[in-house]
Amino acid sequence: MADRITVEICMGTTCYVMGGAQLAGLADRLPEEWKGRVAVKGMRCSGACQQGDRLGRAPFVRVNGELIAQADEGKVLTAIRAALGE
Ligand code: FES
């Protein structure tokens, strides 16, 4: 369980067009009780989208360093909840 969670949303072109754009406003939609405990920021393409079998699994998001493929809001919120120990 972590006190502070870092969420990094890939802002690279592949991720952005495959759904990252919808995740960009996630910080504003977090539950009130998580604010201050969850930091949401953008990241550059890590190259994950170009690795063989991972191609097409964009968008990628990292939650405390753990890479989530085909990320959507539900997956990211689940990962945050788990990282917070809730
Ligand atoms: S554009 Fe997101 S991992 Fe490459």
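User: When are two residues in contact, and which residues does Ile 9 contact beyond its neighbours within four places in sequence?
Analyst: Two residues are in contact if their C-beta atoms, placed from the backbone, lie within 7 Å. This model is predicted. Setting aside neighbours within four places in sequence, Ile 9 contacts Gly 20, Leu 23, Ala 24, Leu 26, Val 40, Gly 42, Met 43 and Val 61.

User: Which residues of the largest nonpolar core touch the most other members?
Analyst: That core has 16 residues. Val 7, Ile 9, Phe 60, Val 61, Val 63, Val 76 and Ile 80 touch the most other members. At least two core residues come from each of strand S1 (5–10), H1, strand S2 (38–43), strand S3 (61–63) and helix H3 (73–84).

User: Is Cys 15 buried or exposed?
Analyst: Count C-beta neighbours; 20 or more within 10 Å makes a residue buried. Cys 15 has 24 inside 10 Å, so Cys 15 counts as buried. Its place is helix H1 (residues 13–23).

User: How far apart are Cys 15 and Pro 59 in sequence and in space?
Analyst: They are 44 residues apart in sequence. In space, C-alpha to C-alpha, they are 4.0 Å apart. Pro 59 sits in the loop between S2 and S3. The peptide bond from Ala 58 to Pro 59 is cis, with omega near 0°. Both Ala 58 and Pro 59 are among the contacts of Cys 15.

User: What is phi at Asn 64 and at Gln 70?
Analyst: Asn 64 has phi near 50°, positive in a residue other than glycine. Asn 64 lies in the loop between S3 and strand S4 (66–68). Gln 70 has phi near 45°, again positive in a residue other than glycine. Its loop runs between S4 and H3.

Terms used. Residues numbered from 1 in each chain as written. Predicted model: local features only at pLDDT ≥ 70, side-chain atom pairs only at ≥ 80, totals over all residues. Helix = DSSP H or I, 4+ residues; strand = E, 2+ residues; numbered from the N terminus. Buried ≥ 20, exposed ≤ 12 C-beta atoms within 10 Å, placed from the backbone. Core = buried A, V, L, I, M, F, W, Y, C linked by C-beta atoms within 7 Å.
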